[in-house]
Amino acid sequence: MQNKIHVRKNDTVMVISGKDKGKIGEVLSVFPKHNKVLVKDVNVVTKHQKPSKENMQGGLIQKEAPIYSAKVMLYCTKCKSVTRISHKLLDDGTKVRICKKCGETF
């Protein structure tokens, strides 16, 4: 059974706990099986890379690592704050996500 995560790919989120608390970034990918998300410029780790055909030099590279989805909250660019979402059915039957504070759709 897949777990449901409150954020989607390309959403803007803010980290609410941990070493990167307060950083804002875009969700690059979602891993529902592990309840984790990959956020741009958040939880950057150093990896030792062996030389290969793609990277002849090898050495140390910086890359993002996944963090738990509970540590991020959706960030509304209109009201400039983190928010929870509500759902609303439109007239044509589609379901949209709405900011609880300002009513902006995501």
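The dialogue below goes through one predicted model, feature by feature.

User: What should I know before reading the values?

Analyst: This is a predicted model, in which local features need pLDDT of at least 70 and side-chain atom pairs count only at pLDDT 80 or more, while totals for chains, interfaces and linings use all residues. Residues are numbered from 1 along each chain as its sequence is written, and side-chain values use heavy atoms, with hydrogens and water left out.

User: How many helices and strands does the protein chain have?

Analyst: Helices (H or I, at least four residues) and strands (E, at least two) are DSSP runs, numbered from the N terminus. Here the protein chain has zero helices and 10 strands.

User: What is the radius of gyration of the protein chain, and what would a compact globule have?

Analyst: The radius is taken over C-alpha atoms, and the globule rule is 2.2 Å times the number of residues to the power 0.38. For 106 residues a compact globule would come near 13 Å, but the protein chain has 17 Å. The C-alpha trace spans about 55 × 30 × 25 Å along its principal axes.

User: Is S69 buried or exposed?

Analyst: Buried means under 20% relative accessible area, exposed over 50%, and partly exposed in between (1.4 Å probe, protein chains only). S69 has a relative accessible area of 10%, so S69 is buried. It lies in the loop between β6 (67-68) and β7. In the whole protein chain, buried residues make up 27% of the 106 residues.

User: Which residues is S69 in contact with?

Analyst: Contact means heavy atoms within 4.5 Å. Leaving aside neighbours within four places in sequence, S69 is in contact with I5, H6, N35, K36 and V37. Across the protein chain, among contacts between residues at least 6 apart in sequence, 39% join residues at least 24 apart.

User: Which residues form the largest nonpolar core?

Analyst: A nonpolar core is a set of buried Ala, Val, Leu, Ile, Met, Phe, Trp, Tyr and Cys residues joined through side-chain atoms within 4.5 Å. The largest one here has 11 residues: I5, V7, V13, V15, V27, V37, V39, V42, I67, V72 and L74. At least two residues of this core come from each of β1 (12-15), β3 (36-39) and β7 (72-76). As for V42, not counting residues up to four places away in sequence, V42 touches V15, D20, K23, E64, A65 and I67.

User: Why does K21 count as exposed?

Analyst: K21 counts as exposed because its relative accessibility is 62%. K21 is found in the loop between β1 and β2 (24-31). Beyond its neighbours within four places in sequence, K21 is in contact with V15 and I16. K21 and V72 are 51 residues apart in sequence, with 9.1 Å between them in space, C-alpha to C-alpha.

User: Why does K88 count as partly exposed?

Analyst: The relative accessibility of K88 is 46%, so K88 counts as partly exposed. K88 is in strand β9 (residues 85-89). Not counting residues up to four places away in sequence, K88 touches T94, K95, V96 and I98.

User: Where is K80, and what is its phi?

Analyst: K80 lies in the loop between β7 and β8 (81-82). Its phi is near 55 degrees, a positive value in a residue other than glycine. D41, in the loop between β3 and β4 (44-49), has phi near 60 degrees, also a positive value in a residue other than glycine.
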